[in-house]
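Colleague: I would like to go through how to read a few computed features of a model. Please give the general idea and then the case at hand.

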Amino acid sequence: PKLNIIDRFSQSCHKFCRTILEGLALSLELEPSYFDNSHRYGEKAGTILRLLHYPPLPDSIDSNKVIRAGSHSDYGTLTLLFQESLTTASGLQVLQKNEEEMWIDVPPKDGCLVVNVADLFSIWTEGRLRSALHRVIIPQDKNNASAHRRYSMAYFLHPESNFQIFPVPSKLPAPHPA
């Protein structure tokens, strides 16, 4: 059967996530196929593709007081985020935790996407890979009206619903062993 463009795009995202998972498995000193049986395309899972639009705000709203998506981390395995690259500021920020916490802008770049490790994967790897706290604010570019609207697509990869999650058998030190 012929697939529509959204189905084809979703399959491409899934295939790309599996390629990332192969690389992450190798980085954890596991077989590259370690995560294959937990993320088969078309199986029952919470995997979802979301098309997101934050409309422009009226000039009467103080953009310093608006947060479009409050701070959160994603809850599955991986997230692929495709940001519109027509503007230099997307409003996406990630929390950097060093000596002091600081929100860092994640501007869009042509031909690039953002890959987030999600909470379940962080637990699965016992903290060897960490999920990132992030948020979406209003960019502070007053000279660019288009900066007040935002388009993005997020592909949230989840393992199959019936797959049992156990800590990965990596020999690398685990910051948060189970």
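Colleague: How many positive and negative side chains are there, and how far apart do the centres of the two sets lie?

Modeller: Lys and Arg count as positive and Asp and Glu as negative, leaving out His and the chain ends. Each charge is placed at NZ of Lys, CZ of Arg, CG of Asp or CD of Glu. The protein chain has 18 positive and 19 negative side chains, with 5 Å between the centres of the two sets. This is a predicted model, where local features need pLDDT of at least 70, side-chain atom pairs count only at pLDDT 80 or more, and totals for chains, interfaces and linings use all residues. Residues are numbered from 1 along each chain as its sequence is written, and side-chain values use heavy atoms, without hydrogens and water.

Colleague: Which elements make up the protein chain, and in what order do they run?

Modeller: Helices (H or I, at least four residues) and strands (E, at least two) are DSSP runs, numbered from the N terminus. Here there are two helices and eight strands, in the order α-β-β-β-β-β-β-α-β-β.

Colleague: Is Ile 5 buried or exposed?

Modeller: Buried means under 20% relative accessible area, exposed over 50%, and partly exposed in between (1.4 Å probe, protein chains only). Ile 5 belongs to helix 1, residues 5-27, and counts as exposed because its relative accessibility is 61%. Of the 178 residues in the protein chain, 37% count as buried.

Colleague: What share of the contacts joins residues at least 24 apart?

Modeller: Contact means heavy atoms within 4.5 Å. Among contacts between residues at least 6 apart in sequence, the share is 79%.
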